[in-house]
Structures are given as C-alpha cells and as structure tokens.
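Please walk through this protein model one part at a time.

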Amino acid sequence: MKKSNFKKNLAFIIPIAAILFFIVFKLFTMDISGATLKYDLKDNPDMVKVLTEAKTDSKALIVNGNNDNLNYTWTYDKGKVTDTKKTNLEIKPYTKYKKNIVKTLGTSNITVFTYNKDINLNGSPRLTFKEVNTKGNAYLFELKNGKVSYVKDAVSNNNDITFDVTKTDNIYILASGVNSKTLSSVKKKAVSLKAESKKEKEKIEKDTKDKKEENKKAAQKSSSKKVSKASSDKKKKASKKSKIKKSNGSPINLDKQKVDKKTTLSCTLTVECKDILDNKDKLKEGKEKNVPKNGYIYGPRNVTFYDGENVYDVLEREMRNSGIPFDADGYTEYSSAYVRGINNLYEFDCGKSSGWLYYVNGSRPSFGCSRYVLNDGDNIHWEFDVK
C-alpha cells in the first residue's frame with residue numbers, strides 16, 4: 001500500500017482495529033457458556049426461579065451465605081438439581097453445649113450448626129464451610145438425643161471443609177483433629193455428650209431431641225384419619241420403592257439377585273488413601289504421584305444407583321465416569337469381585353499387607369463387595385489400608 005493511501009485509510013483502520021480488539025478481549029474474559037449461576041443469600045434470590053433455571057438449562061449453581069461469621073457455599077454440579085421446591089438454604093451457628101462437644105470429641109477445631117427448618121435440598125448439593133479452624137482430617141457428626149454419631153468423612157483444604165449434604169434434620173458438627181481412638185468409638189456407636197451432672201445430661205437430651213422423630217409425632221397427633229391414610233400411603237410407597245432383598249450385613253446370593261432399573265436410590269461414596277500419607281516410607285517408588293495431597297481420591301459424594309445394585313456396581317461406575325483408573329478381578333470361588341487397584345494404587349504398593357478395604361455405614365463386611373446389595377442412604381467408604 002502506498003504511503004499516501006495508508007494515511008488516507010488510517011481514519012477507517014483505527015476504529016476497526018479498536019472494535020476487533022474489544023471483541024477479542026470480551027471473548028477471553030466473559031463466561032461464554034454461562035454454565036454456572038452464582039447468587040448470594042443476602043440478596044434474597046427467588047430460589048424457585050434459580051433452581052428452575054439451573055435444572056432446565058442443566059447449569060451448575062453456586063449459592064453463598066453468611067450468618068454470624070459463619071461463611072458457607074452451596075454447590076450444585078451440572079445435572080445435580082433434581083427439584084425446584086421452595087427452599088431456605090440459610091445455615092445457623094449452634095453455640096449451646098460447645099464446651100461439652102469439645103470435651104467429648106477431644107478437639108477445639110469444631111463448627112456446630114443447624115439448617116433452616118424450611119430447607120429443601122432439591123438435589124445433591126455439596127456444602128463448603130470457609131475460613132474454619134482445621135487440623136488434619138475432617139469429619140461430619142450429628143448431635144441428637146444427647147448423643148454424637150458419625151455421619152461421614154469431609155474434605156479439608158486449607159481452612160475450608162467440604163462434604164455432600166444428605167441429612168438436614170438435627171444439629172451437626174464439623175470437626176478436625178479428632179484422635180483415632182475417639183473417632184473409632186464414635187464410628188462404632190453413638191457417644192453420649194459429656195455432662196457435668198445428671199441434670200445437665202437430661203437437659204442436653206431434651207434440647208437435642210431428634211427433630212425428625214418430633215415432627216413425626218406431631219404429625220401423628222394432628223389427625224388420626226390423616227395419619228392412618230398417610231401411614232398407608234407411606235407403606236405402599238415404601239413397598240413400591242424397593243422390592244429387592246437387601247444385604248443388611250449378610251451376603252446375598254447374586255444368582256437370584258435382580259436389579260430394578262425403574263427405581264433410583266442414593267448413597268454416599270468415599271475413596272481415600274490417607275493411611276499412605278503417614279506411611280510414605282513404605283510406598284513403592286514412583287507411586288507418590290497417585291496419592292492426592294489430602295488423601296481423597298473421590299468424594300465424599302452423594303451418588304445414585306439402581307435398586308438392587310451392590311457396592312462393586314457403584315464403585316466401578318463412579319470410577320469409570322470420573323476417569324479414575326480402576327482394576328478388579330472376579331473370583332468365582334467366592335462369588336464376588338476383588339478390587340486390586342484404584343487410581344493406580346494396587347495391593348502391596350505400601351507394604352506386604354496393604355490393599356483396598358471397604359466399609360458400609362462404618363462397619364467392615366466379612367464378604368466381597370459385589371455381594372453387598374445396597375440400601376437407600378448407605379454410606380460406602382473405600383480405604384487403602386496400610387497394616
């Protein structure tokens with residue numbers, strides 16, 4: 001281009017270049033997909049409208065909240081909003097009996113809270129508490145009828161703790177720094193909250209009554225006719241929901257086992273290798289890259305399964321869907337699958353007796369994982385055990 005023509009066209013080139021630059025800048029800085037909705041509870045959003053948009057357009061949803069220095073975030077991944085009922089996602093701190101809880105669990109790193117009575121989960125959300133005191137592994141406990149019971153493991157990251165929400169009825173405790181002996185006791189059986197006197201113990205039991213049970217009793221008093229009909233409908237619904245025989249701690253003969261793909265249930269799945277973090281000297285060379293910094297390979301996460309499926313079915317599907325390497329053998333003499341490796345961590349990788357074990361609701365079954373048929377609400381926990 002001649003110099004004179006360039007000067008002549010300069011008046012057109014500059015604005016066009018500016019427009020192109022602006023477009024490119026926007027493309028790099030804006031959320032083109034619009035795949036995530038973000039809201040603050042303090043802005044009082046219309047949650048029915050928000051949930052409807054997330055469900056209809058299959059968007060992820062993040063809702064932030066704050067109450068008396070309690071900072072938290074609700075997260076619904078894409079496709080995890082399954083209903084659009086009116087809800088209040090506010091969380092309230094619970095300060096009563098905090099000293100008793102500290103004495104019982106043996107740690108001051110606790111966050112005690114309750115959910116709003118008008119809450120509806122509308123799906124499978126994760127909850128993250130931000131800027132809380134953490135020390136080591138974190139766990140979620142439930143306080144009811146004066147007793148502390150184990151609910152599930154949580155994931156701690158710096159000063160944040162995350163877990164999948166499945167229960168919202170009572171008082172809940174997030175705790176870290178719980179010693180192994182106390183944790184083992186609470187996992188086996190609910191532990192009474194320590195009290196200074198019999199009178200205080202009775203008061204704690206009264207103040208922490210099982211809300212679910214209270215609501216059930218209140219509903220029964222409202223109308224005998226309505227209760228009779230509701231009870232009948234509930235029984236019909238329960239029988240329809242699960243027609244399949246469950247394990248209940250005993251092995252099932254899978255030759256006679258059936259899967260009902262019309263009925264979807266849910267459970268919690270956790271896969272962790274935290275034991276390796278304390279035994280790195282035993283770990284085979286080159287395996288360090290397969291051990292996450294916090295020890296969690298998957299979850300804790302609420303997942304769905306078909307009525308009649310077993311522990312192995314859920315693990316195999318979730319590992320495959322998440323792209324986590326998975327290896328198992330089938331042993332016909334035991335009529336069960338045997339999990340050899342998860343995330344490229346295999347048996348004997350951290351000692352002669354190391355390998356994968358599974359627990360359901362805190363107990364270790366004495367039979368193979370593909371013979372344990374799940375119940376709705378079960379808690380599956382896989383851990384790499386270093387003996």
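In this predicted model, Thr75 has a relative accessibility of 15% and therefore counts as buried, since the cut-off for that class is under 20%. Thr75 belongs to strand S3, which covers residues 70-76. Once its neighbours within four places in sequence are set aside, the contacts of Thr75 are Leu61, Ile62, Pro125 and Arg126.

The chain as a whole gives the setting. The protein chain has 387 residues, of which 42% are buried. Its secondary structure consists of 9 helices and 18 strands. When contacts between residues at least 6 apart in sequence are considered, 71% of them join residues at least 24 apart.

Helix H2, residues 47-56, has Met47, Val50, Leu51 and Ala54 among its residues, and these four are buried. They lie on the same side of H2, because the arc they cover around the axis is only 95°. Just after H2 comes Ser58, with a positive phi of about 50°.

Next is strand S5, where 6 of 6 residues are buried. Ile110, Val112 and Thr114 point one way from the strand, and Thr111, Phe113 and Tyr115 point the other way. In a regular strand the side chains alternate between the two faces of the sheet. In S5 the residues pointing either way are all buried.

What does S5 pair with? Strand S4, residues 91-93, pairs with S5 in the antiparallel sense over 3 bridges. Strand S10, residues 171-176, also pairs with S5 in the antiparallel sense, over 5 bridges. Phe113 takes part in both pairings: Phe113 is the bridge partner of Pro93, and in S10 the bridge partner of Phe113 is Tyr172.

Asn109 sits in the loop between helix H3 (98-105) and strand S5 (110-115). Is Asn109 buried or exposed? Its relative accessibility is 15%, so Asn109 counts as buried. Apart from neighbours within four places in sequence, Asn109 is in contact with Asn133, Thr134, Lys135, Leu174, Ala175 and Ser176.

Two or more lining residues come from each of strand S8 (147-157), helix H4 (180-188), helix H8 (274-277) and strand S18 (379-385). H4 gives the largest share of this lining, 5 residues. Sorted by class, the lining of the second largest pocket has 8 charged, 7 polar and 6 nonpolar residues.

Terms used
Residues are numbered from 1 along each chain as its sequence is written. This is a predicted model: local features need pLDDT of at least 70, side-chain atom pairs count only at pLDDT 80 or more; totals for chains, interfaces and linings use all residues. Side-chain values use heavy atoms; hydrogens and water are left out. Buried means under 20% relative accessible area, exposed over 50%, partly exposed in between (1.4 Å probe, protein chains only). Contact means heavy atoms within 4.5 Å. Ala, Val, Leu, Ile, Met, Phe, Trp, Tyr, Cys and Pro count as nonpolar, Asp, Glu, Lys and Arg as charged, and the others, Gly among them, as polar. The arc is that of the directions from the helix axis to the C-beta atoms. Two strands pair if DSSP finds at least two bridges between them.
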